[in-house]
Structures are given as structure tokens and as C-alpha cells.
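This briefing covers strand pairing, helix packing and an aromatic contact. Please read it alongside the sequence and the coordinates.

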Amino acid sequence: MMFRVTVLTLYPDMFPGALGLSLAGKALERGDWALEAVQIRDFASDRHRTIDDTPAGGGAGMVMRPDILAKAIDAVAPQGDARPKLLMSPRGRPLTQQRVRTLATGPGAMILCGRFEGVDQRIIDARDLEEVSIGDYILSGGEPAALVLLDAVVRLLPGVMGNAASGTEESFENGLLEHPHYTRPQDFEGRPIPEVLTSGNHARIAAWRRGEAERLTAERRPDLLSGPQPVTK
Ligand code: SAH
């Protein structure tokens, strides 16, 4: 089963963007996954291809219309399409490695990228869109967020990463941040590689790495250590 992504956007030229290069780009060329970016304006019905309007209740900015978004969504992901329908949104559930992993084992995704103030709430409700945030800050559009999400997912697809192990020994995979890395030269500006790493003693190395991972996590992300994580799909 091929991992198939359809992005609904006002800026299809932003895709594949960075995902057309490096490992994701090679995998895309090989056909390990597929990406289609569809222009939302193609589903507008007026001469000016309008897709937004002023917010009900007043206020600044514009809101994307639900009727046009419905036409776009129904055209690219009709009923029966098993792919999750995502909406990039700062109000969404924060993206986690766990959600990324689940998405990577599925058939792909339909991703709606917001612009302006966002989308009319009724399209979220009517098409049961899953709102996904990439962090507590505001982007000017959902496109960079979609690229971030897809980068995280695509690297986990079978055959994309050369070394399968490096997909499972990362930060967050075991609930901890990763230990620090070192390579040659042995001495860099008077800073040697920690002696244990050149000892050849694999048990000591594993214990040191575990200790460093725990120390860094406690120091920088105590939230990762405290209690159960929020339930994610
Ligand atoms: N008025 C909205 C922000 C709109 S930003 C609010 O205050 O919540 C415009 C679009 O950028 C959003 O519709 C969304 O698609 C995207 N976006 C902005 N920040 C994002 C984030 N942190 N994660 C995911 N998408 C984001």
C-alpha cells in the first residue's frame, strides 16, 4: 500500500518544497510515497475565485468559507477514503512522535492548510477534521506545518531511511531526550570525547548514554518524565 498524501492549499507551489530533496525526495521519486498539492481556489465558483469572507460577528481578518472547502475536500477525499483528514491549526492537539508513528503506518493523509484567520468551524465539524498543531506559536499559514508533519512521517516509511535503527533510537521514542553524540577528532579545541565512549565497554557505554538521556530530560523537559502523557490518537 502506497502512502498517499493530498494537501489542500492556496500555495501548491510550496510543495514538495524541502520534501523534494534528500531522503524524502528520493523516496518520492522512487514512488515510495506520493504527494499531490491541490489549489483550493479551483473549487471557488465566482470569477474572482474567492475562497474567504469576513468573520461573522466582526473583527479583523478573513475566514475560509466552508462550502468551498467542502467541495475541495469531497473531491480529493470522497466518502470511503480511509485516510485521516487533518487540519493544520494552532488550536489542534500538539503533534507527537506517537501520532507521527501511527500516521506512518496508515494509508496516508489529506491535509488542509489554513490561511488568514483560519477556517469556518462548520467545515471542521461537518467533515470531522482532526486539528493538529506543531507548537505554541502562530504561522502565517498551514503549509510549513504540513511540511513539518510530513517530514516526520515520511522518514518512518519503510525503505526511506537507510539505517532502520536510527528511526527507533531517537529523542522521544523512549520518552526521553537523546544522549549527546561525539565523533572525530578525539580532541576538539581542548575538549576530548568522554573517555567511556572510547572504552569499548558496551555495557558502560549503554549505561552512560541512558544516564545522560535522563539527566538532559530532567533538566530540559521535566514534563516528559512527569506522569502519563496526554492521550493521543
Ligand atoms: N487566528 C488563528 C491563527 C491563524 S494562522 C488563531 O489565533 O488560532 C493561519 C493558519 O496557519 C491556520 O489556519 C493554520 O492552518 C496555520 N497555523 C498557524 N500556526 C500553526 C501551528 N502552530 N500549527 C499548525 N498550523 C498552524
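Two strands are taken to pair if DSSP finds at least two bridges between them. Helices (H or I, at least four residues) and strands (E, at least two) are DSSP runs, numbered from the N terminus. The model is predicted, so local features need pLDDT of at least 70 and side-chain atom pairs count only at pLDDT 80 or more, while totals for chains, interfaces and linings use all residues. Residues are numbered from 1 along each chain as its sequence is written, and side-chain values use heavy atoms, with hydrogens and water left out.

**Sheet**

- Strand β5 (residues 85-94) pairs with strand β6 (residues 108-113) in the parallel sense, over four bridges.
- Lys85 has Met110 of β6 as its bridge partner.
- The open sheet consists of five strands in the order β2-β1-β6-β5-β7, with parallel pairing.
- The edges are held by β2 (33-39) and β7 (130-133), each with a single partner strand, so one side of each has no neighbour in the sheet.
- From one strand to the next, the twist averages 35 degrees.

**Helix packing**

- Helix α3 (residues 97-104) packs on α5 at an angle of about 70 degrees, and their axes are 8 Å apart. Axes are lines fitted to C-alpha atoms, for helices over the stretch in contact, and angles run from 0 to 180 degrees between N-to-C directions.
- α3 and α5 are therefore roughly perpendicular to each other (65 to 115 degrees; under 35 is roughly parallel, over 145 roughly antiparallel and the rest oblique).
- Val100, Leu103 and Ala104 of α3 make the contact with Leu149, Ala152 and Val153 of α5 (heavy atoms within 4.5 Å).

**Pro144**

- Helix α5 contains Pro144, which counts as partly exposed at 36% relative accessibility (buried is under 20% relative accessible area, exposed over 50%, partly exposed in between; 1.4 Å probe, protein chains only).
- Pro144 and Arg99 are 45 residues apart along the chain, and their C-alpha atoms are separated by 18 Å.

**Aromatic pair**

- One aromatic pair is found in a search of the whole structure (ring centres of Phe, Tyr and Trp, its six-membered ring, within 6.5 Å; planes under 30 degrees apart are stacked, over 60 edge-to-face, the rest tilted).
- Tyr182 and Trp208 form this tilted pair, at 6.5 Å centre to centre and 55 degrees between the planes.
- Tyr182 lies in the loop between α5 (142-154) and β8 (187-188) and Trp208 in helix α6 (residues 202-220), so the pair ties together parts 26 residues apart in sequence.
- Tyr182 counts as partly exposed, at 43% relative accessibility.
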